[in-house]
Amino acid sequence: MYFKMLFWALLIALPAIGVRAHNFRYSDIHLHYVDFFQESAGITKLLEGVASAKIEHAVFTGISVAKEWDENEPVQPRYYAGDDAKAYWYSATDTLIAHAYKQLPAEAKTRFHPFISGFNPNDMNAAARIKDMLNRDPGLWQGIGEVFTRHDYLTALIYGKAPRANSKALAKVYRVAAEYDLPILLHSNITSKRERNPLYLNEFEEALRTNPDVRFIWAHAGTSMEIYRTQGKMAFLLPTVEQLLGKYPNLYIDLSWSVLHPYLVDELGIPDPAWLDLVSRYPTRFMLGSDVVGTFGSLSKYMFGFEPFLNALPHAVAHQVALSNLISVLPAERQKEIQKTEDWDQ
């Protein structure tokens, strides 16, 4: 049995350890222009980063919270988990994104897709605020998110009660998404850092079930690196994703970095056959993401890190996952703009 498993592992790994089989172009479903302090390396560095990573399209979003530098902390934090200080909902992040997007060169604007994220998911006024943003800048905003709900350490640090995907406030936001034909990138961990069962799945599934006309992109497929660090790989993750994809045609999966390792590929870079099979059976429902926050020098590392997995997929499926699936979830009007000037049939 051991040698049989080794044979299949090596067979899958051949494209990854040899010459690259495909020269992929990418879309990034999960790119934050600012960090948790609402700062950014800027437009020039962004354009350099996406060029080096062969990214042709990217979600262009802020971060809905800002990390506090509490006067009782001895040094300025470098990340939201750097100390015990709180984070707070920060609506001005959308102003930063709109301003930055308008500074992009004209030829780059159809390649970046601004998402609204600066709202409190527990606020019953959030939907009205989003609608106001949409009406103030018609055609600018292409989606909503990343919406933070269950998010391990970050949830515990944010002022107020923990948000959940099936809250009354977010139900109103989903109606705005449907009205304006906008996808939603939603972070809703499948469980906590300690519980070895899908503790929060019902919250996310209720949102899917009650909003069939909304396109949900599940950030990191419900995982996080903190969950992995405390309990290892979740054996129930893949069968849960498989079950949800079969039940909800409005569900899409963001395969950003905490899914890549350890689920899609192992420490040797060998792709997991079960995940390859699942992606091949649902070729239009998976997308790649970097999840960078405010700096862009690591974009090529994150995006090229998917190559062993992509090379093990059928080429047509790999192209969809790497590039064109992101386009398919954008508003219909933006898709038409892109299709006028670009070829998606590779």
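These notebook entries record what I looked up in the structure.

**Ground rules**

I worked from a predicted model, in which local features need pLDDT of at least 70 and side-chain atom pairs count only at pLDDT 80 or more, while totals for chains, interfaces and linings use all residues. Residues are numbered from 1 along each chain as its sequence is written, and side-chain values use heavy atoms, with hydrogens and water left out.

**Salt bridges**

I searched the whole structure for salt bridges and found 16, a salt bridge being a side-chain nitrogen of Lys or Arg within 4 Å of a carboxyl oxygen of Asp or Glu. For the elements named below, helices (H or I, at least four residues) and strands (E, at least two) are DSSP runs, numbered from the N terminus. For accessibility, buried means under 20% relative accessible area, exposed over 50%, and partly exposed in between (1.4 Å probe, protein chains only).

I looked at Lys-45 and Glu-48, whose side chains meet in a salt bridge at 3.8 Å, N to O; both residues lie in helix 2 (residues 43-52), three residues apart, which is about one turn of the helix. Lys-45 is partly exposed at a relative accessible area of 46%, and Glu-48 is partly exposed at 44%.

I then turned to the salt bridge between the side chains of Lys-67 and Asp-83, with N to O at 2.9 Å. Lys-67 lies in strand 3 (residues 65-67) and Asp-83 in the loop between strand 3 and strand 4 (87-89), so the pair ties together parts that are 16 residues apart in sequence. Both Lys-67 and Asp-83 are buried.

I also noted the salt bridge of Asp-94 with Arg-129, in which the closest N and O atoms are 3.0 Å apart. This pair links distant parts of the chain, with Asp-94 in helix 3 (residues 93-103) and Arg-129 in helix 4 (residues 126-136), 35 residues apart. Asp-94 is buried at 0% relative accessibility, whereas Arg-129 is partly exposed at 25%.

Finally, I recorded one network in which Glu-242, Asp-277 and Arg-281 are joined by salt bridges that share partners.

**Helix 9 against helix 11**

I checked how helix 9 (residues 237-247) packs on helix 11 (residues 273-281), and the angle is about 10° with the axes 11 Å apart; axes here are lines fitted to C-alpha atoms, for helices over the stretch in contact, and angles run from 0 to 180 degrees between N-to-C directions. The two helices are therefore roughly parallel to each other, a label given to angles under 35 degrees, with over 145 roughly antiparallel, 65 to 115 roughly perpendicular and the rest oblique.

Leu-237, Leu-238, Val-241, Glu-242 and Leu-245 of helix 9 meet Ala-274, Trp-275, Leu-278 and Arg-281 of helix 11, where contact means heavy atoms within 4.5 Å. By class, this contact has seven nonpolar, no polar and two charged residues (Ala, Val, Leu, Ile, Met, Phe, Trp, Tyr, Cys and Pro count as nonpolar, Asp, Glu, Lys and Arg as charged, and the others, Gly among them, as polar).

**Helix 10**

I found helix 10 (residues 257-264) mostly covered, with six of its eight residues buried, namely Ser-258, Val-259, Leu-260, Pro-262, Tyr-263 and Leu-264. What covers these buried residues includes helix 8 (225-231), helix 9, strand 9 (251-254), helix 11 and helix 13.

**Ala-322**

I placed Ala-322 in helix 14 (residues 315-329), where Ala-322 is buried with a relative accessible area of 0%. Leaving aside neighbours within four places in sequence, I listed the contacts of Ala-322 as Phe-24, Arg-25, Tyr-26, Ser-27, Leu-288 and Leu-310.

**Backbone exceptions**

Most residues other than glycine have a negative phi, and most peptide bonds are trans. Against that background I noted a cis peptide bond joining Gly-145 and Glu-146, with omega about 5°, and placed Glu-146 in strand 6 (residues 143-148). The peptide bond from His-261 to Pro-262 is also cis, with omega near 15°, and Pro-262 belongs to helix 10.

His-220 has a positive phi near 60°; His-220 lies in the loop between strand 8 (216-218) and helix 8 and is buried, with a relative accessible area of 4%.
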